[in-house]
Amino acid sequence: MTRQTLSGWGRTNPSLATVMNPANETDVAELLASTRGVIARGLGRSYGDPAQVSGGVVVDNRALGGISEISHDGVVSVGAGVSIDELLAMSIPQGWFVPVTPGTRQVTMGGAFAADVHGKNHHVDGSFAAHVRSLRIVTPTGTYDVSPERDADLFWASAGGMGLTGIITSLTLQMMPIETDQVLVDTERFANLEGVMQEMLSRDKDYRYSVAWVDCMTKGAHMGRAILTRGRHARASDLDEPTLKAPASPKLFIPFDAPSGLLNVASVRVFNEVWFRSAPKRQEREPQSLSSFFHPLDGVRDWNRLYGRRGFVQYQFCVDDAHANTVVEAISRLSSSGVASFLAVLKRFGAANPGPLSFPVPGWTLALDLPVGPRALPRVLDDLDSMVLEAGGRIYFAKDARLGPEKVRAMYPRLDEFLAVKHRVDPEGRLTSDLARRLNLEGS
Amino acid sequence: MENAFGQPQNVVVLGGSSDIARAITKKLCSARTHTVVLAGRNQELLDAAANEAREYGATKTDTVLFDAQDSGNAARTVEESFDKVGGHVDLVIIAVGLLGEQLDIENSAEEAARMVNVNFTWPAAALAEIRHRLISQGGGRILVISSVAAIRIRRSMYLYGGAKAGLDRMCIGLADSLEGTGVTLQILRPGVVRSKMTAGSSQKEIPFTTGVNEVAENVMRGLSSGELVIWSPPILRYVFFVLRHLPAKLWKFIADR
């Protein structure tokens, strides 16, 4: 038990809490029965404030470990504190991959479910929760085994529920078979946003994985120039020497905080230019390792320190296909406002799942990394909120650190369904977080 | 809760009817602030400030009456203000201050004590209570309104400048003491501001005088950047770096012209 100042990966709005490290489910249950203001935390990769609670108790789930044998049909039981990295280290050599992985391996199973993370394959495979067979969750009113068949309401409220329904202690996951540790990647450069969006719309369905990196700093005819990378797992017959090796740990790290302002309009512009020019105009079936395709940033430990002490925010929204123009408008608003934005990530989303707070809806999603500092930034993002809301879209809680409560209800029209389930398992409102307080997800 | 840009949701303003406080409150409310508790001496002025806060987007406002001449009421005033917020207090602004007309009061022991009470003793007492409350809730911010008058003290306003200097210096140590608690303290050092506090002043308008809105704008930026000292206008950081190192003769010549 220690008192610690915690913040998200973006290193903004920190707060102090008591951190507990329960070693098993009984400890978690005792804690929840005796404490108010509790939230679970994994590896702290949410960008904002969902895994911290000012003045409360943060339950570090990392001691809730354990990975079972992977069954012949790819089902594995894992402790909530197990990271994707740890699971892959064991599963890849046996020919199994996690069915959904976000841009980093450094997330825990509990966190991945609570944020209902998505990856480059959402348009085909859906989000993380779609592959979870069942989970065990400790709530203030009891410990439950839930699944899409058994107490589906609690299962789905917890998918994307940001930890506010309980503390997940373990879950059972359906893995995906792979024959090699390589992905065959097609890369294509596009001079503008319209070109890349058209291509994604017409041919993404032919690829399991697809993502476009968009430059938000160019204006005019080249506004939103992009690099589209799409791939599928390489079969053994695709490679001369197929291997199944676990990803290596990062060798590079950022040893100290860079000065705030290192990433500014000028330096980001240069970076984006170099990055765009260094990509091939067109390349097909290039074998890439799983880690360089899925988790390029995991190669540099603590890369968030590059943003300096002030930190950064990530802004991710989604809109349906009828409002594709919102993506164009958002990028044009950013490129004209003079706020620095690192390469933005553009993706197609497939069908939504039944989770009332699960983020993805079919259509488009755009994610932006923005250093804190420019005066105009808070206002620009408030304007984007209004644009997104008007288009019937929403903001992703796992990335958010700055939204206000009044827009949440409109973005998540099923919030009351979620709150009803939360109230059932947590009638006294013991589970809360800085995010929940900020966005009024506590249901009081 | 406060967001990533230092935009708070629940705010307590001690000295809430001062012009600078009102300008800051308006800016906060048009960003994220929805709950504002204003404490001050004059109910009418507080009500006007509260109405203004609602016009700018606050959904819940309340007021607390107190007189800063009596530091004995500081803890109670803070307690009452926090209770009226009724949740996590994200930001406490201390905008309590009294400028006065130095020449009228410098020979009065009573008036001299009053200047120090309002500008230093009451805020110091309130800060003790605020510090304790914010630490136990796990975080929060304090913004203390100091003055550039505290940086190099002019003969013509040494009572005000001296009291503010005490507060300013104390707050630097207090800010250090908060390290690792989740609570942060920032000091605002405005130059001369056109407001009702300075309206009756016999001084002529000096360079770098600003309006209250400019001060509020600089506060918004400072809350986002988190710097210990927020200067308004920002150039005063450099102006006062020079001024505080001037030889005394030159300073007196410039300051009391």
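How many residues does helix α3 of chain B have, and how far does the helix reach from its first C-alpha to its last? In this predicted model, α3(B) runs over residues 74–85, which gives 12 residues, and its end-to-end reach of 17 Å is close to the 16 Å expected at 1.5 Å a residue. Within this helix, Ala74(B), Thr77(B), Val78(B), Ser81(B) and Phe82(B) are buried. Because these residues cover an arc of only 130 degrees around the axis, they lie on the same side of α3(B).

The buried residues of α3(B) have partners elsewhere in chain B, for they pack against the strands β1 (10–14), β2 (35–40) and β3 (60–65) and against the helix α5 (109–137). Just after α3(B) comes Gly86(B), which takes a positive phi of about 75 degrees.

Leaving aside residues up to four places away in sequence, Val36(B) touches Val11(B), Val13(B), Thr25(B), Cys29(B), Ala53(B), Ala58(B) and Thr61(B). The C-alpha atom of Val36(B) is also separated by 6.6 Å from that of Asp62(B), although these two residues are 26 residues apart along the chain.

Taken as a whole, chain B contains 10 helices and seven strands. Its radius of gyration is 17 Å, close to the 18 Å that the globule rule gives for 257 residues, so chain B is as compact as a globular protein of that length. Along the principal axes, the C-alpha atoms of chain B fill a box of roughly 50 × 35 × 35 Å, and 50% of its 257 residues count as buried. Among the contacts in chain B with a separation of 6 or more, 71% are made by residues 24 or more positions apart.

Chain B also meets chain A, with 21 residues of chain B in contact with 24 residues of chain A. On the side of chain B that touches chain A, α5 and α8 (212–225) each supply at least two residues, and the largest share, three residues, comes from α8(B). Sorted by class, this side of chain B has four nonpolar, 14 polar and three charged residues.

In chain A, a helix with a buried side can again be picked out. In α6(A), which spans residues 193–203, the residues Leu193(A), Val196(A), Met197(A) and Met200(A) are buried, and because they cover an arc of only 100 degrees around the axis, they sit on the same side of the helix. The face of α6(A) turned away from this buried side carries the exposed residues Gln198(A) and Ser202(A). What covers the buried residues of α6(A) includes the strands β11 (182–190), β12 (209–214), β13 (226–233) and β18 (342–349), together with the helix α9 (325–337) of chain A.

Of these covering elements, β18(A) deserves a separate look. Seven of its eight residues are buried, so β18(A) is largely enclosed by the rest of the structure. Three bridges join β12(A) to β18(A), and the two strands run antiparallel; in this pairing, Trp213(A) has Val345(A) of β18(A) as its bridge partner. β18(A) also pairs in the antiparallel sense with β19(A), residues 363–371, over six bridges, and Phe342(A) stands opposite Asp369(A) in β19(A).

Asp151(A), in the loop between β8 (142–146) and α5 (152–158) of chain A, has a positive phi of about 50 degrees although it is not a glycine. Asp302(A), in the loop between β16 (300–301) and β17 (312–319) of chain A, likewise has a positive phi, near 55 degrees. In chain B, a cis peptide bond with an omega of about -5 degrees joins Ser232(B) and Pro233(B), and Pro233(B) lies in the loop between β7 (229–232) and α9 (236–243).

Note on methods
Residues are numbered from 1 along each chain as its sequence is written. Chains are lettered from A and ligands numbered from 1 in the order in which they are written. This is a predicted model: local features need pLDDT of at least 70, side-chain atom pairs count only at pLDDT 80 or more; totals for chains, interfaces and linings use all residues. Helices (H or I, at least four residues) and strands (E, at least two) are DSSP runs, numbered from the N terminus. The expected span of a helix is 1.5 Å times one less than its number of residues. A residue is buried if 20 or more other C-beta atoms lie within 10 Å of its own, exposed if 12 or fewer, and partly exposed in between; C-beta atoms are placed from the backbone. The arc is that of the directions from the helix axis to the C-beta atoms. Two residues are in contact if their C-beta atoms, placed from the backbone, lie within 7 Å. Ala, Val, Leu, Ile, Met, Phe, Trp, Tyr, Cys and Pro count as nonpolar, Asp, Glu, Lys and Arg as charged, and the others, Gly among them, as polar. The radius of gyration is taken over C-alpha atoms; the globule rule is 2.2 Å times the number of residues to the power 0.38. Two strands pair if DSSP finds at least two bridges between them.
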